[in-house]
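Biologist: Please take a close look at one helix pair. Keep it brisk.

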Amino acid sequence: MRRSWAPSIVPNGHDQNFYIVVNNYGKLGPAFGETDLGEADLETTITDLMSGQFDDPVRVVAINTSERWSKDASEDVVLEIQRRVDLAGDELPSSIEAFIEMHAGPSRQLSLRLN
């Protein structure tokens, strides 16, 4: 059986990971947030989440088209956000509290409840 082929939407030579946030848009449901290709890197994604660019993030999907994989990177992103918040001694932004709790994992959820 022959596989169908579709042209890549990523320019050649971009062997990098792209991160896209799935946001819950209420009655419209969850959908990928609009992201410029040049701003789909991990650092920008974390910054956007921490600054409230997404009202109700559900998950973060990492994609590498050159290597032909994608994965749910939510837990990794949550752990990094929580590390930054802890180091800075800041409060967790309310826009991502539910996202953090959903993906933090059992040991981190316990420490969140104790604080």
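In which crossing, left-handed or right-handed, does H1 pass H2?

Modeller: This is a predicted model, where local features need pLDDT of at least 70, side-chain atom pairs count only at pLDDT 80 or more, and totals for chains, interfaces and linings use all residues. Residues are numbered from 1 along each chain as its sequence is written, and side-chain values use heavy atoms, with hydrogens and water left out.

The crossing of H1 with H2 is right-handed (the near helix is turned clockwise from the far one by less than a right angle). H1 spans residues 42-50 and H2 residues 74-88 (helices are DSSP runs of H or I, at least four residues, numbered from the N terminus). Their axes come within 11 Å and cross at roughly 65 degrees (lines fitted to C-alpha atoms over the stretch in contact; angles run from 0 to 180 degrees between N-to-C directions).

On the H1 side, Leu42, Glu43, Ile46, Leu49 and Met50 make the contact (heavy atoms within 4.5 Å). They meet Val77, Glu80, Ile81, Arg84 and Val85 of H2. By class, that is seven nonpolar, no polar and three charged residues (Val, Leu, Ile and Met count as nonpolar, Glu and Arg as charged).

Arg84 and Glu43 form a salt bridge, N to O at 2.7 Å (a side-chain nitrogen of Lys or Arg within 4 Å of a carboxyl oxygen of Asp or Glu). Arg84 sits in H2 and Glu43 in H1, so the pair ties together parts 41 residues apart in sequence. Arg84 is partly exposed at 24% relative accessible area (between buried, under 20%, and exposed, over 50%; 1.4 Å probe, protein chains only). Glu43 is partly exposed too, at 41%.

Glu43, Glu80, Arg83 and Arg84 are linked in a salt-bridge network.

Methods:
Helices (H or I, at least four residues) and strands (E, at least two) are DSSP runs, numbered from the N terminus.
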